[in-house]
Number of protein chains: 2
Amino acid sequence: MEHNLQHTISLLTRTPAALDALLRDLPETWTLRNEGENSWSAFDVAGHLIHAERTDWMPRVRIVLQFGETQTFEPFDRGGHAREIQGKSLGQLLDEFARLRSENLGQLRALNLRQEELALRGRHPALGVVTLSELLATWAVHDLTHLHQISRVLAHQYREAVGPWSGYLGVLQCAGHSSP
Amino acid sequence: MEHNLQHTISLLTRTPAALDALLRDLPETWTLRNEGENSWSAFDVAGHLIHAERTDWMPRVRIVLQFGETQTFEPFDRGGHAREIQGKSLGQLLDEFARLRSENLGQLRALNLRQEELALRGRHPALGVVTLSELLATWAVHDLTHLHQISRVLAHQYREAVGPWSGYLGVLQCAGHSSP
């Protein structure tokens, strides 16, 4: 399936409400636990999504439109969520994510990107040349990567509790693929 | 983390709204496409969740309470969603799932299960002896397995669209683990 800007926006619009419905007021034994060691909890992931709204997607869209391939994107800081989550509740993070996403989508819509602009090229610090279309599709799949991760992190907390059913439950077979 | 009935109910309560927020009115190019061959679309998964509400969780809870290990559960029909989805829209499936889940949780709460009842044993046709606690924990992780699957199935539709970013997106590395 080819990239379609309206389809991308449809998905991006829904993620904050989906995470809100899943996570708000869920007991902290689900939301604050991770998969061990330096892995992320659902709470950490919410902070990461906020950090990406601030520093990744729309800032990079603007760099492509303004400078094309001549200005390399700032590398994304994978530890940047630490600042976002400090002193916050999960409810506050969900509110903040919804607010930032809504603002960013408002700005994206206001750009009124034409089909030919989606082919514009930018420069990623590690991947090299990328298109605006690829950047926008990645924004959506990044949401799905973290929804996939959150469902796995929550399920991990019941790994023992399900007893012999564990072999039937696909999410418990997933060792994780996210560079978290 | 040990099984906790209130935590399980917290999660089970949230799944219908989370799926609704993610999927309702999302373009059909996301919701009706699968991962190829006989794999499931998000629409199929919604039908499967409905079928499990009708025939799996609460019916099995009642068998454990009434007959213990002496009556083996009916095998679950993995193709049972075919009847559920016929002639339905995704919106109708989401409504039906929410209604059945709410009814089932009402019945579960009304049982007022005591801690010692959670240790009661039943008999699964393939797994043998299982406890009521394991059955209820599995209900919750089954939701998460399918949320994990849906995020993967949606992401798959943009596998090409993300271009060189695909290596960074964990959900695209997941080959799937669900017996679907």
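**Exercise 1. Find how many residue pairs are in polar contact between chain B and chain A, and how many salt bridges cross that interface.**

Solution. Keep in mind that this is a predicted model.
- Step 1: Between chain B and chain A, count the residue pairs in polar contact where both residues have pLDDT 80 or more; there are 17.
- Step 2: Now apply the salt-bridge rule across the interface of chain B and chain A: it finds zero.
- Step 3: Next, see which elements supply the side of chain B that touches chain A. Helix 1 (5-23), helix 2 (28-31), strand 2 (128-131), helix 7 (132-156) and helix 8 (170-173) of chain B each give two or more residues.
- Step 4: Helix 7 of chain B provides the largest share of that side, with 16 residues.

**Exercise 2. Work out how much area chain B and chain A bury between them, and which residues of chain B lose the most.**

Solution. 
- Step 1: Start with the contacts: 62 residues of chain B touch 62 residues of chain A.
- Step 2: Turn to area. The two chains bury about 5400 Å² between them, and 71% of it lies on carbon and sulfur atoms.
- Step 3: On the chain B side, B:Met1, B:Tyr158 and B:Trp165 lose the most area to chain A, together 16% of what that side buries.

**Exercise 3. Locate A:Leu65 and decide whether it can belong to a nonpolar surface patch.**

Solution. 
- Step 1: A:Leu65 sits in helix 4 (residues 57-67) of chain A.
- Step 2: Its relative accessible area is 32%, so A:Leu65 counts as partly exposed.
- Step 3: Patch members need over 30% relative accessible area.

Terms used. Residues numbered from 1 in each chain as written. Chains lettered and ligands numbered in written order. Predicted model: local features only at pLDDT ≥ 70, side-chain atom pairs only at ≥ 80, totals over all residues. Heavy atoms only, no water. Patch = residues over 30% accessible without salt bridge, like charges linked within 9 Å, V, L, I, M, F, W, Y side chains within 5 Å. Areas by Shrake-Rupley, 256 points an atom, 1.4 Å probe, with all protein chains shown as cover. Salt bridge = Lys/Arg side-chain N within 4 Å of Asp/Glu carboxyl O. Helix = DSSP H or I, 4+ residues; strand = E, 2+ residues; numbered from the N terminus. Buried < 20%, exposed > 50% of the residue type's maximum accessible area, 1.4 Å probe, protein only. Contact = heavy atoms within 4.5 Å. Buried area = accessible area lost by both parts, 1.4 Å probe. Polar contact = N/O pair within 3.5 Å; in protein donor to acceptor, adjacent residues only side chain to side chain.
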